[in-house]
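Please look over the sequence and the model shown below. The paragraphs that follow lead through the structure step by step.

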There are 2 protein chains.
Amino acid sequence: MKELKERILREGKNLGGGILKVDGFINHQVDPQLMDDCGREFARRFRGLGATKVLTAEISGIGPALMTALHLKLPVVYARKHKPITMPDQVFLTLSPSHTKGRTVELIISPEYLAGGERVLVIDDFLASGATILGLVRLANTAGAKIVGIGALIEKSFEGGRAALAHLGIPVESLACVKSMEGDRIEFCD
Amino acid sequence: MKELKERILREGKNLGGGILKVDGFINHQVDPQLMDDCGREFARRFRGLGATKVLTAEISGIGPALMTALHLKLPVVYARKHKPITMPDQVFLTLSPSHTKGRTVELIISPEYLAGGERVLVIDDFLASGATILGLVRLANTAGAKIVGIGALIEKSFEGGRAALAHLGIPVESLACVKSMEGDRIEFCD
């Protein structure tokens, strides 16, 4: 998506070590119009899949997932990383390694909001190693739901996430694919 | 706001101890159309304040704040509770007691995204004791920014947040005000 790529080139920063700083428009300060445009684009790409729910992981997946769900007229569920007191004792929980945090995080969903037979579209901000998204896939499988598509705002193709998701045999879409981040450059896949 | 109140009555649950469970449409599963409607309503109420930025706290403030910012055509910043590696070493940080978590949480904003002279509209999901919102006010003051309005989806008037914010002398708006939660009842202020 041209608009997102231009924004990454203009305002994104390559911090080294594969870390792309986009916290001026995606994951600390957020440009709501850009998120809305990205949500509309995901909705266009995934409209034919018959999804019944959008699923993401807190925190920075919430913006793009919410906007995608708005345009698809679907509810969105964000997996929690800490169990709140409003959640029942029996939950779906999986562990997911977080590169950027350097530790394992929990991903928790209440069985109230993910049911057997649901068709789930996963939307997140980044597709890097695919670890978080694979965690969401495990949660959906445990619930008896089926993941039908995966979308990420930004794919870092050099971290191998797309290959890690290939066995699922479902559409994987990213709106900006970063091929390499050598020195202070940011190079897109196409 | 009639739509939100009806939804609370229909799907909200009084868990006792002042805890209102609304995780089926606000803070775990989210109804994006409802969030959009709430954002539009906040935008209508606060449009005259000349805000330059919307501010909230992760996690469940993100939805309503993002939608409000969309309708006001403003950027939104969410205060982080853990400092990510993309954030500079020098940050605005304050501590805020969290009732529902039973501990103190950090609220952190990068100085890159909150500047002196900004006019800040705070939007959050709940106004209970006001502690989180007062934390955001302290961060804004430290940055030299001015809070010009405060909006919450749901106010629990029996927790005294409105009184705690009164000294600010700015508009405080909630879209649903809960007066009491005796037994399993939920009673609105008006």
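The side chain of B:Lys21 makes a polar contact with the side chain of B:Asp23, at 3.1 Å. A polar contact is a pair of N or O atoms within 3.5 Å; within protein, one must be able to donate a hydrogen and the other to accept it, and residues adjacent in sequence count only if both atoms are side-chain atoms. This is a predicted model, in which local features need pLDDT of at least 70 and side-chain atom pairs count only at pLDDT 80 or more, while totals for chains, interfaces and linings use all residues. Residues are numbered from 1 along each chain as its sequence is written, chains are lettered from A and ligands numbered from 1 in the order in which they are written, and side-chain values use heavy atoms, with hydrogens and water left out.

B:Lys21 belongs to strand 2 (residues 20-21) of chain B. Helices (H or I, at least four residues) and strands (E, at least two) are DSSP runs, numbered from the N terminus. The relative accessible area of B:Lys21 is 6%, so this residue is buried; buried means under 20% relative accessible area, exposed over 50%, and partly exposed in between, with a 1.4 Å probe and protein chains only. Leaving aside residues up to four places away in sequence, B:Lys21 touches residues of both chains, among them A:Thr86, A:Pro88, A:Glu112 and A:Tyr113, as well as B:Glu11 and B:Leu15. Contact here means heavy atoms within 4.5 Å.

One open sheet has seven strands in the order 11(A)-10(A)-9(A)-8(A)-4(A)-5(A)-3(B), with mixed pairing. Its edge strands are strand 11 of chain A and strand 3 (29-30) of chain B, each of which pairs on one side only. Two strands pair if DSSP finds at least two bridges between them.

Within this sheet, strand 4 (residues 53-57) of chain A is mostly covered, with five of its five residues buried. A:Lys53, A:Leu55 and A:Ala57 point one way from the strand and A:Val54 and A:Thr56 the other way. Strand 4 of chain A runs parallel to strand 8 (residues 119-127) of chain A, to which three bridges join it, and A:Val54 stands opposite A:Leu121 there. Strand 4 of chain A is also parallel to strand 5 (residues 76-79) of chain A, with four bridges, and in that strand A:Val76 is the bridge partner of A:Val54.

Further along, strand 10 (residues 172-180) of chain A is mostly covered, seven of its nine residues being buried. Six bridges pair strand 10 of chain A in the parallel sense with strand 9 (residues 146-156) of chain A; A:Ile154 stands opposite A:Ala176. With strand 11 (residues 187-188) of chain A, strand 10 of chain A pairs in the antiparallel sense over two bridges, and A:Ser180 has A:Glu187 as its bridge partner. The hairpin of these two strands has six residues between them, and A:Gly183 takes a positive phi near 55°.

Strand 8 (residues 119-127) and strand 9 (residues 146-156) of chain B are parallel and share eight bridges, with B:Val122 partnered by B:Ile150. Axes are lines fitted to C-alpha atoms, for helices over the stretch in contact, and angles run from 0 to 180 degrees between N-to-C directions.

How do the helices pack? Two packed helices are described by the angle between their axes and the distance between the axes. Helix 3 (residues 62-72) of chain A packs against helix 3 of chain B at about 65°, with axes 10 Å apart. The two are therefore roughly perpendicular; angles under 35 degrees count as roughly parallel, over 145 as roughly antiparallel, 65 to 115 as roughly perpendicular and the rest as oblique. Residues making this contact include A:Leu66 and A:Met67 of helix 3 of chain A and B:Leu66 and B:Met67 of helix 3 of chain B.
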